[in-house]
Amino acid sequence: MKLREVFRYELAYRLRSGSTWIYAGALLLVAFLVFHATADSDVIHLNAPIRLAGLTLIAGMLGMLVTAALFGDAAVRDVAVEMDPLLFTSPLRKAEHLGGRFLAALAVNAIVALAVPLGLFIATLASFLNPEGIVGPFRLSAYLQPYLLLLLPNLVLVGALLFTTAALTRQVVPVYLAAIGLLIGNVVAANYAGHIQSAALVLLVDPLGLCTLQQLAEYLTAAEQNARLLGLPEMLGWNRLAWLAVAMAVLALLHRTFRFEHAGIGGRRRTRRAIVGPESMRPVPLAIPRVVGSFGFRTTLRQVLAIAGHSLAEAAASRWFAVVLLACTGLPLLWGWNVGSTVFDTSTWPVTLLVTETVLGTRFALVPHLLLILYAGELVWKDRDTGVAEIADAAPLPDGAALLGRLLALAAMLVLFLAAAMIGGLLIQALQGYYRFEPGLYLRVVFGLQLSEYLLLAVLAMTIHVLVNHKYVGHVIVALAVLFTKIAPAFGIRHNLLVYNGDPGWTYSDMNGFGPFIGPFAWFKAYWAAWALLLAVVASVSWVRGREPGGVRRRLRQAGVRFTKPVLRTAGVAIALILGLGGFIFYNTNVLNEYRSPMERAARWAEYEQRYVRHADTPQPTIAAAGLRVEIHPAEPAVDLRGSYRLMNRTETPIDSVHVYLRPEVRARSISLERAAAPVLIDEELGYRIYALEQPLEPGESLQLGFDVSFRPRGFPNSGLQTDVVGNGASFNRSWLPFIGYQPMFELADDEAREHLGLAPRPAAPGPGDAASLQDRWPWRDADLVDVDMIVGTAADQVAVTIGALQRSWMENGRRYFHYATEQPTAFGATVFSARYALREDRWQDIPLSIFHHRAHTDNLDRMMRGMKASLEYYTAQFGPYPDRQLRIVEIPRYGGFGSAHPHTVAFTEDVFFSRVREGEVDQPFYGTAHEVAHTWWGGWVRGAAGVRGAGFLSESLANYSAMMVTEKTYGLEMARRVYGFQLERYLRGRATQAREVPLVEVEDQPYIAYRKGAIAMYTLREHIGEERVNTALRRYFEKHRDGRPPYPTSLDLLAELRAVTPEALRYLLTDWFETVTLWDVETKRAVVERTTAGGYQVTLDVVAKKLHADSTGNETEVPMDDLVEIGVFAAGEGDGPGEPLYLRRHRIRSGEQTIRVTVPRAPARAGIDPYRMLIDRTDYGNVLEVQAAAGSRRSRPVNAAR
Amino acid sequence: MQLAIRNVSKTYPNGVRALHDVSLSIPVGMFGLLGRNGAGKSTLMRIVATLQDADEGSIHLDDLDVSRRKDEVRRTLGYLPQSFGFHPKVSAQRLLEHFAVLKGITDAGARRDVVESLLRQTNLWEVRGQKLGTFSGGMRQRFGVAVALLGNPRLIIVDEPTAGLDPEERVRFLNLLGEIGEDSVVLLCTHIVEDVEELCSRMAIIDRGEILLEAEPARTIEQLRGRIWRRTVSREELASVQRELPVISTRLLAGRTLVRVHAETSPGAAFEPVEPDLKDVYFTVMAGHHGQRASVPEAAGAAS
C-alpha cells in the first residue's frame, strides 16, 4: 500500500515537473539528430531495423544523462531539500521507500525514453533532409523492438546503478560521474570487444548490448540489414537476462546497505534554525574592525582570481575530482594502448603525433567534453546549491568578475584534465618502450590546439547555463549544443564561419609539422574567440544574483540595466573583432578561394561533361615524349611547370585539332603549338582549349606542344587545404600538367549527383568480355608509355625525386636542381617528390635499391630493404625478369593514403615508417613493400584495360597474392595464414557495408573484393593446385601482355590462364571463388574419441555443411555442396591456434550432416572441420570442438578457431 | 545616512503579493522590522540587499538608487540572510578571507587582521581551521555574522539573526549590532519582539506585505499605557470573553487562561490594568486595534 503511495506521489511529482518534458524533448532531438547525422550508406535503408536499433542505443547512451538526472533526483531530493528527517522517521520501510522511488523513476524514464523511437520515427518522416537516403517500408516493430529489448532493460540496469550511487552518496555529482563512467566503460568495452576471442563472452560482458548488436549485425549484408527485424536472438536474450539480474543484485545490495539515517557530517546542508554549538562562549571585549574595502581595477582582478581559486579549490576538494583526474590519465592509457593499428595486427609505434591526435584528440575527446559540460554547470550552480549564494551575491563583486572567475576556474580544470591525459599519453609511450618523447609537440597540440577548442566550448557551456538558469535542463541543452557543433556539416551547414568553434581541421606530420594547417586554424579560432567574448558579455549581463525567479522579461530588463559603458565597450570590441576577423576569413575562403558546396563543386564537373563530352571521340594525338622543367617553391607554396610534349598521331586518321585541358586551379601563362594553329575555343573557367591545326597531323606524324603553367594557391579555403605542395614533403603528379583531349576520368561518378545535375547515369562499366573497350589504358587516355626528361628545381636543402634515372644534380641561384630521364618509355605519371630526405642505399644483384626517408624515421628501413630484396628474388624467379634498372621507396607526409606504386618507385606515407612489428605479428613494412613492388608486374607493366570490370583483380588481387607468397617464403606458412585470416575478415566486413557485391572477375571499384577476396581466392587456389601451377599461369599471362600495347588484358584472360593449369576435378574452385559470390557454413556438431584396439585413437566427427550463392544484394540461395574441405585432428597445444595437427586432410564434404572417422596415433584434444578457416564462413565458432570421450553424450564445447 | 524606501510593491509570478506600497524611512541606528512568518519581511530585505528587484517603487541609500547602482550599494552592505549555507569543505578562516577579497579588502595584511578580529569577535577563532561542513548551526550563524560585518558596512541587513543562537550568544550579538548601529543603518528583521524592544530606536510592523505601523518602540508603548487590561479566565469563559471584548492575546497559565484586552476604559471588574510592552503593541496592531488597520491617525511619523 505504502509502496503504491510512494510510487504515485513520486510519479505525479515528476510528471508535473517541466524538466521531465524538457528531457523528453531533448531525447527526441538527439534521436532525430543522430538519425540524420549518421546517414552515410546509400544501400542500407535509413530505417533499416538494425540501423534503428543501433541509433536507439546511441541515443540511449546519451540519454544516460537524463537517467542520471531522473534517478539521481529521485534518490537525493529528500536530502537536498532536507525532508529526510521527516521521511526517515515515518513508519515507512526501506523497501517501500526505495522501491517506490525507483519504480517511479523507472516509469518516468520509460515514458521519457519513448521520445527516442518517436524521434526516430519523426526523423524518418523528415527523410527529405537526407535526399540520398532510401526509406524502407515502415514497420512499427522496427521502432518498438529496440525500445523494448535494448532501451528498457538498459534503463533498469543504468537506473539501478545510478539510483544506488545516488542513494548511498546522497550527492548528485557522483551520479553524473557514474553515468559518464558507464558511458566510457561501454565505449572501452566496444573498443576491446574485437580483441576478445570468444564471441559468446563478448555478448555477455556487454552491459548495454552495444557489442552484442554489433556482433549480430557484423557480417549481415545490406539486404539482410534492411529486411531483418531485431527479434530476440538467443544471445541478446541471454545478455539482457544476465544484466537484468545484475541490476536486481545491485538493488538488493542497496536495500541491504541503505540506512534511514541522517546524512552526517560533510553532507551539503543548509543551515536554518540551528542548535548551539558545544563550545563555550568566552567573553571577549567588543571591537569592530574598521577596514573598508577599496574598489577599482586591481580589486576586480583580485576578486576574479579569488573566485577562480576558490571555485577550483572547492571542486578539487571533492574526492571525486581525484577520481576524475585518475580517469583522465587512465582512459587514454586504456583507449590508446592499441593506437594506430594500421593494417592487420601490426600497429605503429605510439608516436607522439598519433598519441596526441588519435588518442587525446579523438578517442579521449569525449571525456573533456563531458567534463566541461558537467563542471560548467557545477560552477554556475555551486553557490546556489550550497546556499552560500545569498551571501556571496550581495558582495560588491561585478557580475563580469563572478563569471570570469568561474571561467578561469573551468579553464584551469581543463588544463588539469588535459595534463592528466597527457601523462596518460606519455605512459602509453613509456610502457611500450617508446622513449622518443616530444614534449614540445605535446604542449603545442594539447595545450595549444586542443585546449583552445575546449576553452571556446567552455564559454559556450557557461553562457548557456547562465541563460537557461536550470541546472539539469542546462546540462542537456549544453550537451545538445556541443553535439551540434560537431555534426552541423551533416545538416548542410558547412562554412566554418557559421558553426561555433568551426575550423578547417589539421593534420600533424613529422615531416611537415603543422604545415599549412596552423595559420587557418589560428584565424578561425581567433574569430571564434571574439564570439566567445561576446557570449561572455551576454552571460555577464544575464548573470543571476539572488534567487529572483527569472522571467524572461525581467531578466532582459535587468540585462539592460547592466549594459554599462565598459560592458558596451567590450561588446563593441567583440563585435568589431568578429566583423574584422570574419571579414578577413571570408576574404580568404570566399574571395581568394572559391567556396562551393559539394553539389556546386559537382556542378562544375557536370558542366565540363555537358559541354565537352561531344569531343570524347574526336581523334587526338597521344603524348610520346615529355620534356619538363618543374620549379618547386616549398615555402610559398607554389609550383611552376614548363616544358613540352611530343604529340604523336597514333590513330589511323589525320587529326585537325588539338584539345588541351588544364585543371581550373592551374593558371596557364602560355600554351603553344609547334605548327600554325588557331585557338577556336579558350574556356578559362573550365580549362578546356581547342586549337585548330592549319595543316592536319597525319598518322605517325608528331608535333610539339609547349606550355608554361603554374599552381599558386592563394590564402586559405574553408576546408580541404591543399597538401600537395608543402614546406617539406611535396608530392604531386601530372594533374597540373596539360591533358590532351577530353578525359572521361573527370566525369562525375556519383549517380545521385548526376541525376540531380541533369546528367544521365554513367553507362555501366563494360564487362571483361567486351572487346570494344580494350584500347584504353588506365587511367588517362592521352598517354601510353612515354619518354620523360625532367629537371626539377627545389629548395636548396631538399632532394627532389621523380621517375627515371638521375642524370646529374647541381646548385643554381641558391636552389638545387635534379635532372632525371627515363631509360625506356614508361607509364606517364610525372610524379614528383621533394623534401629534406635522408637516403639509405643497398642493391640486389645489379639493381640499386634506395629509400628516401625523413631523417628520424629509420626504424623500418631494414624491413623495407628486405622486402624489396625478397620481392625481387621471388617475382623475378616466378613471374619474369624485373623490367627496370632501379627500385626505390620515397616517404611522403601522412596526408594521403598508405602506399602507392609508380614505375620503379614506391611511395609510402610516414605511418609505414613508424610501424612496429612485434614477435608473431605480420611484418607490415615488409608486406607493404612486397605488395607495392609486385605492382611492377601487376598493374605496372601488365595493366588491365581501363574502365573494364575486373581490372582490380589483375592488379590488387595479384599484388596481394604475390605479397602473401613472399611473406610465406620469408616468414613461413603460419604467417601467411595469419594474413589470410585478416583478408577474409576484411572481406566479410566489407561486404556487410557495401552495396552491390559482384564476383571477383567482375569487380568494379570495390577494394574489399579486389584486395581482400582476390587475395584469399588466389591463395586458396594455390592451396589446392599448388604454387607451381598458379605461378606458371601468372608467368604465361605476364609474358603475353608485357609489351604494354593494346589490346589490354581483362580478368577473363587471367582466368583462362588459371583454368588451363587447374585439373578438371578442381575447376569448381574457379567457379566458386572467382566467378560467383559463394559462402559456406560448416560446423562440427560432435567430436568423439575412442581408443582402438590397435592402440590408436578413433575420432568420430559429426559435421554439418552448406554452401550458398549470394546475388548482388546479398540474397542467398543454397546450392548443393560437394567440396574438398580440410578436416583436422589436433593434439593439445598452446596459443590461440587449434594446436599441433595429428591429422589434416581434405575430405569431400556434401551438403547436410555427415560423419567422418579418422584414426590418429596420439591422444587428440580437438578436432573439427576447416580448422584454419579457409572457407568464406561468417560464423567463426563451432568449427573446432574439444573431443569428448565416447561414453559422454554431452554436447562438445566449442573452442575458437584460429584467426 | 538614511535608507528611504518609497512605495515599494512586489508580486511574485505565482500571484503572491509579497509587498504592497511599502514606504519606510530608516535613519542611522537600529531599525526593527517585526512581522510574522510570510509577512514579506525577507522579500523586503532581499530587495534592499540588491538581490531582488521591486516591481514598483524605489529605494535610496542617501542619494544612491539601490536598484540601479547595485555595485555601489554592495560595497557598503553587510547582509546576513535568513537561510544560507556554506561550502562544506572549506575552513572558516579560508572562506572568510575569500569573502574579504570579494568585499574589496585586497591588502593582505589588513585582510588578515580583519579576519582574525572578526573570528575572535564571533568566538570562532578557536575553530578557524575546521571545515564549515562540521560546524553546528549556531557556529554557522555566527560565521554568517562575521561575513556580514566584513568591510565596515554602513548598511547592515540581518534577517532573523538571533534564531539559533543561545541566550548568551544572542546578547553578544545584539550588543555587537547595537554598537555598529551607532553610525550605520542596521535593518533588523525578526519575529522576536524582545530583540526589537531591547535594541531598536525605531521599528515597523509588517503583515501581508503592508506596513501596519512605523514608530519608536518607547513612544508607541507609552501610547498604550492604561489601555491594556488582563484577567485570568477559565476555559469555559474564554469563548464569551473573546466574543465580547477586544482580546489581543491569550496565554495558558497554570491551567487557566491569561487574557489581555485592549480597551480605553476598564472592560470589567475582573480586569486589572497592566504595564504595556512591545508585545502588546504588536498584538494590538495585528489585531487591528492600532496602526494602519485601525484606521486611526498614527502619531508616530517621520523620524526626528
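User: Which residue stands opposite V799(A) in β17(A)?

Analyst: In this predicted model, V799(A) faces A835(A) of β17(A).

User: What makes β13(A) and β17(A) count as paired strands?

Analyst: Pairing takes at least two bridges. β13(A) and β17(A), residues 832–835, share 4 bridges and run in the antiparallel sense, so they qualify as a pair.

User: Why are β10(A) and β13(A) said to stand at the edges of their sheet?

Analyst: The open sheet has 3 strands in the order β10-β17-β13. β10 (730–732) and β13 (799–802) of chain A each have a single partner strand, so one side of each is left without a neighbour in the sheet. On average, neighbouring strands here are turned by 10° against each other, direction ignored.

User: Over to the helices. Why are α16(A) and α19(A) called oblique to each other?

Analyst: α16 (352–363) and α19 (399–431) of chain A pack at about 125°, with axes 10 Å apart. Roughly perpendicular ends at 115 degrees and roughly antiparallel needs over 145, so the two helices come out as oblique. Their crossing is right-handed.

User: Which residues meet where α16(A) and α19(A) touch?

Analyst: On the α16(A) side they are V355(A), T356(A), V359(A) and L360(A), and these meet A421(A), G425(A), I428(A) and Q429(A) of α19(A). By class, that contact has 5 nonpolar, 3 polar and no charged residues.

User: How many residues does each chain put into the contact between A and B?

Analyst: Chain B gives 64 residues and chain A gives 53. On the chain B side, α5(B) supplies the largest share, 8 residues. That side has 25 nonpolar, 22 polar and 17 charged residues.

Notes: Residues are numbered from 1 along each chain as its sequence is written. Chains are lettered from A and ligands numbered from 1 in the order in which they are written. This is a predicted model: local features need pLDDT of at least 70, side-chain atom pairs count only at pLDDT 80 or more; totals for chains, interfaces and linings use all residues. Axes are lines fitted to C-alpha atoms, for helices over the stretch in contact, and angles run from 0 to 180 degrees between N-to-C directions. Angles under 35 degrees count as roughly parallel, over 145 as roughly antiparallel, 65 to 115 as roughly perpendicular and the rest as oblique. A crossing is left-handed if the near helix is turned anticlockwise from the far one by less than a right angle, and right-handed if clockwise. Two residues are in contact if their C-beta atoms, placed from the backbone, lie within 7 Å. Ala, Val, Leu, Ile, Met, Phe, Trp, Tyr, Cys and Pro count as nonpolar, Asp, Glu, Lys and Arg as charged, and the others, Gly among them, as polar.
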